[in-house]
Amino acid sequence: MLPTSNNSSPEKPKTPTKSLDRKNSNSFSLSYIQNLLYHPRSCLILLILILQILIIYASLSLPISSFSLHRPFPSQVTPVSLNSTELCPDGKVYVYDIPKRFNKELLHKCHELSPFGSRCGTFSNKGFGQKFTSVSNVVPKSVVDAWYWTDQFALEIIFHDRMVNYKCRTHEPELATAFYVPFYAGLAVGKYLWSTNYTAKDRDYDCEMILEWLLEQPYWNKSNGWDHFISMGRITWDFRRTKDDDWGSKCIYLPGMRNITRLLIERNSWDFFDVGVPYPTGFHPSSATDVKIWQDFVNDRRRSTLYCFAGATRGFIKNDFRGLLLKQCYADSEKCRVVDCGGSKCSNSTAAILETFLNSDFCLQPRGDSFTRRSIFDCMVAGSIPVFFWKRTAYYQYEWFLPDEPKSYSVFIDRNEVENGTSIRSVLEKFSEEEVKKMRAKVVEYIPKLVYANPNKGLKGMKDAFDIAVEGVLKRVKEQEGGYKW
C-alpha cells in the first residue's frame, strides 16, 4: 500500500485556554458604537482592523491550494505520493549512453553479423524475431500473437530494450545502485567466429574499445566496476580465449571486465561474476493474463508420450552421448518420440519441437555443444519435465530462476549409468502419476521466470526473467558494498 503524503492537515486556529468573560465581551454599548460612527477616522481604523482579522483567520483555516474560483471549499482528497523506495526496494539502475557503434550500429548492420546470411529478420521486433505463425494450430488462439521465432543469441537486444524502459531506471548516476553497460558483446564477436579471415585482434577489438571508453567514466573509477553489469548474449566460453589460435575473444579476461557482473545464457560455475540467465525462447507474453492462459493450457494438457528427445547427433565427437539417446529413443518408439534435428530440420519455423514437448511427460536434456542448451527452456515452457545427465546443464547454472530443490521439477540420471546400459524408460516409469503431476505443477509455476515479456515495461503484477535478473544484480551489489574484487 502506497504511503500518503507527509503534508500536514490544514492548521486550525488556536482556541484560547480560558473562556472570555461574557460580561466583558458585551462591554461595548450601543452608544459607544454610535460615537465611533461620528468620527470617520476611528471608523476607518476599526474597519481595517476587522478586515485584517478576517484575512488572518482565513489564511490559517484554509490551505492555499483550496482558493479557487471554481472550488470555494477545501478538497477532502488526500494526495498520494509514490515512494521510490517502495517501488524499487533494491535500488535503481543507471544506463550508460555508450557510443552507438557498440550496440545500435551493430544491429543496423545486421546483414554483416553472420557469414551464413543476413540476420536482419532474426533480430527484428526488439530481438524477438519474426512472428511464429506455424504454432497457430498448436497453441490457444488467444496467445498465438505471443509466439515469435526468437534466436537463442538475442539476449542483448531484448535486455537493452527492457532496460531503457525499466521502472527502476534513473537518469541521475548519483542515485544509482548499479550501472548497466548496453554493449552487444555477443553480436560484436559473433560475426568473426565462423571465418578464418579474421585475427584474434579482430575478435577482441570491440571489447577492448568499449572498456577503454568505460574506464574513463567517473562512476566506473569510483567503484572499479564492481557495481556495473552487462548482458552477454552468448555462452561464457565465447569470451574466454586464452590463446590467439583458440575460439572466441578474450573479453572476460581483459582487466576492465573482471569486476563486472555478466549475465550470460551459460556461465562458468566457478566465476562469481558470471550469472546464468534463461535462453530466450519463442514465448513472449504481452500480459499476466497470457501467462495464466498458457499455464492452464500446459498444465491440463493430456500427454500421450512418456518421454521425448529433440536434437541431433555430434558425429565428430567420440562416444557421442546424444547419439546414444537417439538410439534408445528410436528403439523405444512406443514410449519415446524423436525430433531429429540433423541438418536444418529444427530451424525451418515448424512447430514440431513445441508440439513434441507439449505431448510428452518428460524431455531428455543432455548437454549441447557446451554444457547447456536452449532446449531446456523450450521444454519447460511447454510444461514438460526435464531429464538431465550433467548437473552443470542446469543446477549449477540458473539458481535465480529454478526451484531450489532439483527433484521437485526434474529428473537426474548420471550419464555413466546410461552409457553402462541403464534404460531411461525404466527410470521414468518408476514415477507415479501423482509424482509426475506434482513435478509438472512446479515446472508450470516457474514459467514466468523463464520467459522474456513482450511489453518493454514488463508484465503488470508478474515478474519475468528480466525482472528476476536485474533485481538479483541489484541485491548482490548492495550485499557487496565496499567492493568484491579479484
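These legends walk through a few close-up views of a predicted model. Local features here need pLDDT of at least 70, and side-chain atom pairs count only at pLDDT 80 or more, while totals for chains, interfaces and linings use all residues. Residues are numbered from 1 along each chain as its sequence is written, and side-chain values use heavy atoms, leaving out hydrogens and water.

View 1. Strands (E, at least two residues) and helices (H or I, at least four) are DSSP runs, numbered from the N terminus.

**View 2. Strand 11 beside strand 12.** Look for residues 360-365 and 385-388, which pair over 4 bridges in the parallel sense. Here Cys363 stands opposite Pro386.

**View 3. Tyr96 meets Trp213.** Their ring centres are 5.8 Å apart and their planes at 85°, so this pair is edge-to-face (centres within 6.5 Å make a pair; planes under 30 degrees apart are stacked, over 60 edge-to-face, the rest tilted). Tyr96 is buried at 6% relative accessibility, whereas Trp213, at 21%, is partly exposed (buried is under 20% relative accessible area, exposed over 50%, partly exposed in between, with a 1.4 Å probe and protein chains only).

**View 4. Two arginines and Phe371.** Arg367 lies over the ring face at 4.2 Å from its centre, and Arg392 does so at 3.7 Å (NZ of Lys or CZ of Arg must be within 6 Å of the ring centre and within 35 degrees of the ring normal).

Definitions and conventions. Pairing = 2+ DSSP bridges. Phe/Tyr/Trp six-rings, centres within 6.5 Å; stacked < 30°, edge-to-face > 60°.
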